[in-house]
Amino acid sequence: MAQHTLGDTAVLLGRSLRHIARSPDTIITTAVTPIAMMLLFVYVFGGAIDTGSESYVTYLLPGILLVTIASGIAYTAYRLFLDMQGGIFERFQSMPIARSSVLWAHVLTSLVANMISIVVVVLVALLMGFRSGAGVLAWLAVAGILVVFTLALTWIAVIAGLSAKSVDGASAFSYPLIFLPFISSAFVPTDTMPGPVRAFADNQPVTSIVDATRNLFAQQPVGTDIWVALAWCVGILVVAYAFAMSAYRRTVS
Amino acid sequence: MRTHEGHGPAIHVQGLEKSYKELAVLRGVDLDVPRGGIVALLGSNGAGKTTVVKILATLLRADGGTATVNGFDVAREAPQVRESISLTGQFAAVDEVLTGRENLVLVARLRHLRDPGRIADDLLARFSLTDAGARRAGTYSGGMRRRLDIAMSLIGDPPVVFLDEPTTGLDPQARIEVWQAVKELAAGGTTVLLTTQYLDEAEQLADRIAILHEGRIIVDGTLAELKQLLSPAKVEYVEKQPTLEDVFFAIVGGGAGDSPADRADRAVRAVGSHE
């Protein structure tokens, strides 16, 4: 049945994309929080934050994009949880389809939904004065990092969706992920932070991802940041995928 | 067209055991279900009916014993078993966001069938859902949702169908609609294993009845055979009153889709038959 994996995933992907098309509020609410945050930081706090030469919205956008993804993946956990509650999950499991395609459909849906939210946020940032001279290659690199980051976080969401006992539990796990960018270089440079906080901020995944994205936008050399960023993303992806698969197998033992 | 026709009985279960932590739910279930017809698995809440169905549907692994469905071992040949069955679980497993038609098309695609649209339209017509086909399943009544659920289970013409408490939570009218659907299903040659806690449901529908109690099948046979287990019928003269069910259907009419004339006719018969 391996030859059907792609086809089955495509059919199930079509199903979840219909869900999104019929409740576009999930895309809007995903984009609203980061946009509100962006407005708040640019027009309220931004004047008091010294980030050097570039405009604050340009400095801020990479971190805001990560916040967007962190809040968007909560819907994957939510949808997966509802599928399991409603019985349709068991219907799929008892059908002659590739079992992993059920999860992959949710993961790819998350990717599509998050990329749409990202485009919305970037458009708002452009209105607020975000500018980048980055070429096609740099934009592709940014997109690539965001895709891997989304996949990594989505597999964490899959673990939450599969093992949650309630709807609230299924989405609560994303709050720490939304909070993580605050203790990084996303909103302010790390060099004003006290020692231990700075040590944490400089060595957590968000900072390397934000710095790499920021340098790509600013047409600066990305140095090792991009490799550190990718290593973090791929590392989280592999670990989360392994745990998600083991949680998935437990649901059918 | 049955591409995955196996041999022997439709379902063969021997010494099936399953425990949840300390709690032994199944303690050696033996059950043979011949091909064709309807078998009711009867038992009180928590007797393990759903556990049996889940094991047969490859959703759960047994701790001990063997089970084959359509000739395929549920543990070793799970993909072939899944080709042979369909499951309608306790909660109507329909996608509420999709329309009725889209639900059917989805299942037809996942079963890799040709012309999913035509299959969906045929089933909508067969289950009197054509008018509701373009509406979201979330707006359906309980009975319509169950009918859609059962229609989804028929796609691909699986030789064995499991119905886990198909009428729990339905009103009497919807219950009759579902019974009608199940009878049609069996008339087409499909083997139906249904679980229920309603004795009248088993009596109405099943060719054979198996009673699951304390983790084992304690009785298994036709209704007539089961009745013979008790002492021979004695003759008593009792004034027969209409049951509340008779009254209910006499007043509101029977299954959906009846003409008012049918209903009036049945009302007269229902009341008249108890004189």
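The largest nonpolar core holds 145 residues, of which Leu60(A), Leu66(A), Ala40(B), Leu56(B) and Leu104(B) touch the most other members. Such a core is a set of buried Ala, Val, Leu, Ile, Met, Phe, Trp, Tyr and Cys residues joined through C-beta atoms within 7 Å; buried means that 20 or more other C-beta atoms, placed from the backbone, lie within 10 Å of a residue's own. The model is predicted: local features need pLDDT of at least 70, side-chain atom pairs count only at pLDDT 80 or more, and totals for chains, interfaces and linings use all residues. Residues are numbered from 1 along each chain as its sequence is written, and chains are lettered from A in the order in which they are written.

- Leaving aside residues up to four places away in sequence, Leu60(A) touches Met38(A), Phe41(A), Val42(A) and Phe187(A).

**Interface**
- Contact (C-beta atoms, placed from the backbone, within 7 Å) links 20 residues of chain A with 21 residues of chain B.
- On the chain A side, H1(A) provides the largest share, six residues.

**Domains of chain B**
- The domain assignment, automatic or from a database, gives domain 1 (11-234) and domain 2 (237-275).
- Taken over C-alpha atoms, the centres of these domains of chain B are separated by 29 Å.

Key:
Contact = placed C-beta atoms within 7 Å. Helix = DSSP H or I, 4+ residues; strand = E, 2+ residues; numbered from the N terminus. Buried ≥ 20, exposed ≤ 12 C-beta atoms within 10 Å, placed from the backbone.
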